[in-house]
Amino acid sequence: MFQKFVYLKPKNISSSNDINYFLIFLAFFVCLSGFLGPRFWDINSPNFKFFLSEIDLGNSQININKLEKLKLNKNYLSSDQLNNKIAVLEWSKQILKKAKNKTPLPRMYFNNIPREIKQFETKERKDVFLSILLPIALRGNELVSSERKLMKIAFATNNIYKIEHFAKKYNVKNYKEINFSSLNSLQIKIIKEELMLKINQIPVSMILAQAIIESGWGSSRFAIEGNALFGEWTWKNDYGIKPKGNLDAKFAVKKFKTISDSLNSYILNLNSHFAYKEMRIYRALMHKTGRSVKGIDTANYLKNYAEIGAKYIKKVKNMIKGNNLNEFENSKLERYVN
């Protein structure tokens, strides 16, 4: 049974004491509201999200020498750790875990494959290669999407200089014969339609599969010495590496300053060369009908990529299936924070 307390105000109480009681009551009320919390008052709690920042949006490379050490931030590797097997494997494990959990990946791009990758166990080598190439593939597609937006703006604003730039870069039909200073409406329409077909993303699973095949999971001589992941040929000896067994060959495997450069060249090749026109038409049809573009299907149009023709298609598709590369199809990079 509760007792009832009756408060009798003394006759000689000062006004300052009244204020003190009021302050005590106010403090008690504030504490009570704190215990009840935002849910009681129907106030949304703040939701903080943290993203890795990259100031230079146009730069596809991060200087690895300036990255924090692994012990401070496990998303990063310093340059001296790039060839430290334990550090590389730990970093790789975390990147693939993020990818499989559908968590955005850090904007971390290696300049080259670790030279000791051949010494890794098979599974280790595969994991390291995928964890290095995946962010670079996503960044390459990101750059293509940016170009697509810029191309649309060029036509919307009738920027002939930019239209000519994209027509040359993506090898628009007979672009050398086009007088861009006096384009008529029909010519502009034809050029735009062709560029709309050409400037678009490549399925990530197909990128990974072709890089694996062409570079032997990053362990080929061309990949290690020339950052060549996609077996692109060149007829300029100064820009390529000759096959050891055929030094008299007229062609060489094109070499690159970074593996990002190799990836960007590969994407441009598929988006501009006449040999992959059917692939681009298929891709456009999928987008038009609201369906996703998957590597396992897009690979059907790669018969001209290698001398073995149709067998190459089967090889790419088996690589995608055998290594579950389709699970990386919708991977994302962390947002930019300026």
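**Helix α4 and its cover**

I started with what covers the buried residues of α4, and that includes α3 (122–156) and α5 (185–198). Helices here (H or I, at least four residues) are DSSP runs, numbered from the N terminus. This is a predicted model, where local features need pLDDT of at least 70, side-chain atom pairs count only at pLDDT 80 or more, and totals for chains, interfaces and linings use all residues. Residues are numbered from 1 along each chain as its sequence is written, and side-chain values use heavy atoms, with hydrogens and water left out.

Which residues of α4 (residues 160–169) are buried? I got Ile163, Phe166 and Ala167. My cut-offs: buried is under 20% relative accessible area, exposed is over 50%, and partly exposed is in between (1.4 Å probe, protein chains only). Looking down the axis of α4, I see its buried residues fall within an arc of 100°, so they line one face of the helix. That arc is taken from the directions from the helix axis to the C-beta atoms. The background I noted: an α-helix has 3.6 residues a turn, so residues three or four places apart point the same way. On the other side of α4, I found Tyr161 and Lys168 exposed. Just after α4, Asn171 has a positive phi of about 55°.

**Leu96**

Next I went to Leu96, which sits in helix α2 (residues 85–100). Leu96 counts as buried, with 7% relative accessibility. What does Leu96 contact, leaving aside neighbours within four places in sequence? I listed Asp127, Leu130, Ser131 and Phe328, with contact meaning heavy atoms within 4.5 Å. Leu96 and Asp127 are 31 residues apart along the chain, and their C-alpha atoms are separated by 7.5 Å.

**Tyrosine rings**

My search of the whole structure turned up 7 aromatic pairs. Rings of Phe, Tyr and Trp (its six-membered ring) pair if their centres lie within 6.5 Å; planes under 30 degrees apart are stacked, over 60 edge-to-face, and the rest tilted. One of the pairs is Tyr276 with Tyr305, tilted, at 6.1 Å centre to centre and 45° between the planes. Tyr276 lies in the loop between α8 (259–272) and α9 (277–288), and Tyr305 in the loop between α10 (295–298) and α11 (310–322), so the pair ties together parts that are 29 residues apart in sequence. Tyr276 and Tyr305 are both buried.

Tyr305 also pairs with Tyr312, this time stacked, at 5.5 Å centre to centre and 10° between the planes. I noted that Tyr305 and Tyr312 are both buried. Ring pairs join Phe230, Tyr266, Tyr276, Tyr305 and Tyr312 into a cluster.

Methods. Helix = DSSP H or I, 4+ residues; strand = E, 2+ residues; numbered from the N terminus.
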